[in-house]
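These notes record what I looked up on helix packing and on ring interactions. I worked from a predicted model.

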Amino acid sequence: MFERFTKDARAVVRGAVEHAERAGAGTVDAEHLLLALLEREGSRASFSLAALGVAGEGRQSVRDAVAEGRRRAGLSRADADALAGLGIDVSEIVARVEEVHGVGAMSGEGDKGWWSGRRGFGREAKSVLERSLRTAIAHGDRHIGDEHLLLALTTGGGVAAEALADHGVTHESLTRVLYGGGEGRAKAG
């Protein structure tokens, strides 16, 4: 599958691995893919994000939303609300764990010394990669670009999709920007 990835898509995957390594995460997760996408410039995904208002401070706001989700052990707000319906207060649990173990203790990051090998891809990240292939095929594209990775992130649920949706980046809005035709189509210069 990686042979079909464009230079930009490969850079996103490499960037995601670097994010995971810097954070000390055991696996590369969907959130790492999103963080790497937010760093891209001059690509179809970056133009699409800018067209939807996620540029400059908007990118930082998405990063902050991802960090908050990771702080909740990767639980989206929808997950936290569902648990609240069962009487489980995720905010209280996070506060207690962080009181004892420090801020970010539930993120699964920060234990940098336990493994020095290559980072594997977690279940959600693998799913994003698979959906990006299906998305490219569905649109008749012969390659998998960073725009396909971004589209795939919007369809999987979880922290990354929630952070994007909160900033107006949904599968529908991205599809309009990328494939809406003519002047609405995002193009890398």
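Entry 1, orientation of H1 and H2. I began with the relation between these two helices and found them oblique to each other. The angle behind this is about 120°, and the axes of H1 (residues 7-23) and H2 (residues 30-39) lie 8 Å apart. It counts as oblique because the range for roughly perpendicular ends at 115 and roughly antiparallel requires over 145. I also checked the handedness: H1 passes H2 in a right-handed crossing.

From H1, I listed Val12, Val13, Gly15, Ala16, His19, Ala20 and Arg22. H2 contributes His32, Leu33, Leu35, Ala36, Leu37 and Glu39.

I next turned to the packing of H2 with helix H7 (residues 123-138), whose axes come within 7 Å and cross at roughly 55°. H2 is therefore oblique to H7. Ala30, Glu31 and Leu33 of H2 meet Glu124, Ala125 and Val128 of H7. I counted four nonpolar residues, no polar ones and two charged ones in this contact.

How many aromatic pairs does the structure hold? My search returned zero. I then looked for a charge placed over a ring and noted Arg44, whose charged end sits over the ring of Tyr179. The distance to the centre of that ring is 5.8 Å.

Conventions:
Residues numbered from 1 in each chain as written. Predicted model: local features only at pLDDT ≥ 70, side-chain atom pairs only at ≥ 80, totals over all residues. Heavy atoms only, no water. Axes fitted to C-alpha atoms, helices over the stretch in contact; angles between N-to-C directions. Helix = DSSP H or I, 4+ residues; strand = E, 2+ residues; numbered from the N terminus. Parallel < 35°, antiparallel > 145°, perpendicular 65-115°, else oblique. Left-handed = near helix turned anticlockwise from the far one by under 90°. Contact = heavy atoms within 4.5 Å. Phe/Tyr/Trp six-rings, centres within 6.5 Å; stacked < 30°, edge-to-face > 60°. Lys NZ or Arg CZ within 6 Å of the ring centre and 35° of its normal. Nonpolar A, V, L, I, M, F, W, Y, C, P; charged D, E, K, R; others polar.
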